[in-house]
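Biologist: I'm new to this one. Could you walk me through how to read it?

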Amino acid sequence: MKPVKVGLLGLGTVGTGVVRIVEGNQEDLSSQVGSPIIIEKIAVRSSDKIRDIPIDPNKLTEDPWEVIRDPEIDVIVEVMGGIEPTKAYILEALERGKHIITANKDLMALHGSEILAKAQEKQCDVFYEASVAGGIPIIRTLIEGFSSDRILKVMGIVNGTTNFILTKMSQEGASYDDVLQEAQQLGYAESDPTSDVEGLDAARKMAILGTLSFRTNVELHDVSVRGISQVSKEDITYAKRLGYEMKLLGIAEREDEEFSISVQPTMVRRNHPIASVNGVFNAVYVYGEAVGETMFYGAGAGAMPTATSVVADLVAVIKNLKLGVNGLKAIVPYKEKKLKSDEQIKYKNFILLHVDDKAGVLAQITQVFAQFDVSLESVVQQPSEHNPEAEIIIVTHDASKASMNKVLHHFEGLEVIRRIKSVYRVEG
């Protein structure tokens, strides 16, 4: 049983988890793939750093090219992150016939099509399960579990930092700024949290999920993105009062062959299963034409959950290697990209308005909705603590994004409306 030799790029939290699993579960892994798995060489920033696990110093190198160019190494596991020079390492490894496992969502969202095309050319595997939802096996499920179905909608909480913040705001009545500071202290948010709180991290993941679900090349700029930094305690209070929870959702949906993808704070009906996903946990809801509703829940980040997905990909690569079928399972987008127009994108909306507290205001507002063919599900008007203003809370029926944009634009010129306080998508 000739051992399979693996090169590891990166030995941070996830890389350390990979080493722990491969070395700690060697007997089980070997029985699955039919040969030992050896981590032959590891590229690190500093070979002198004190580490949490015992590592043979002879396996460490500060030159990633030494790992890439080693003819004894069959598989490259990339957990170093970043776009460049990581992309160059992966493309060179593929050129040399090495199989790739990566947890790099940024790289796959921006350059996945190029990497997968090179892999197909060289008949190599590129697996990236850990790039989207940590320990949740959603990519393999979309590729294999739903291979006989047609996916109509994917809706996910795919960023644990924002879910932690919104959960705390909902359960404790805390402000956004206070919870963000707590998330940073706990290590859930970076010192610069922009990628998480402005929805960029989730957008990259949804681009990957959209590509796999709809078999078309979804690029990052195809995803409409809005983060949570403007969500207030007041917004969450009203959501709860109306029977909703606020979540940052990635939503990819299609009708016929046209699709839309967005990331935005969304009011989710409390009886929807995704509304009960709290803290740093992730969940991905998938609606298939044949199977109907399914949901996948678990840890979306962390050393060991993410490493579990990485090693599962490693097992899959080695099994393919033994069968001689590497490079045959890659999903290369083959459908023409057809994005929905704003007239075709439809959903319910929550709108909170601060208005003059006088007779006839509500009539003027409802007339604007009627003018742009937006029907209303509910309207509540109540005095505000900030007299002489009143608050009007409106939930629409499904309305096109184009019509809602016209309504909001018209509101900006309506004298009786002091401010458009909040606008959110509503699901469930």
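Biologist: Is E245 buried or exposed?

Modeller: E245 counts as buried, at 13% relative accessibility. Buried means under 20% relative accessible area, exposed means over 50%, and partly exposed is in between, with a 1.4 Å probe and protein chains only. Bear in mind that this is a predicted model, where local features need pLDDT of at least 70, side-chain atom pairs count only at pLDDT 80 or more, and totals for chains, interfaces and linings use all residues. Residues are numbered from 1 along each chain as its sequence is written, and side-chain values use heavy atoms, with hydrogens and water left out.

Biologist: Which residue forms a salt bridge with E245?

Modeller: Side chains of opposite charge can pair when their charged atoms come close. Here the partner of E245 is K240, with the closest N and O atoms 3.8 Å apart. That passes as a salt bridge, meaning a side-chain nitrogen of Lys or Arg within 4 Å of a carboxyl oxygen of Asp or Glu. K240 counts as partly exposed, at 33% relative accessibility. Elsewhere, salt bridges with shared partners link R150, R254, E257, E289 and K335 into one network.

Biologist: How many salt bridges does the structure hold?

Modeller: There are 34 of them. Take K168 and E182, whose side chains meet at 3.2 Å, N to O. K168 sits in helix α8 (residues 160–172) and E182 in helix α9 (residues 176–186), so this pair ties together parts 14 residues apart in sequence. Helices here are DSSP runs (H or I, at least four residues), as are strands (E, at least two), numbered from the N terminus. K168 is buried at 18% relative accessibility, while E182 is partly exposed at 25%. Another pair is R96 with E92, whose closest N and O atoms are 2.7 Å apart.

Biologist: And helices packing together: at what angle do α14 and α15 pack?

Modeller: Two packed helices are described by the angle between their axes and the distance between the axes. Helix α14 (residues 361–371) and helix α15 (residues 401–412) pack at about 145°, with axes 9 Å apart. The axes are lines fitted to C-alpha atoms, for helices over the stretch in contact, and angles run from 0 to 180 degrees between N-to-C directions.

Biologist: Which residues meet there?

Modeller: From α14 come I365, V368, F369 and Q371, which meet M404, V407, H410 and F411 of α15. Contact means heavy atoms within 4.5 Å.
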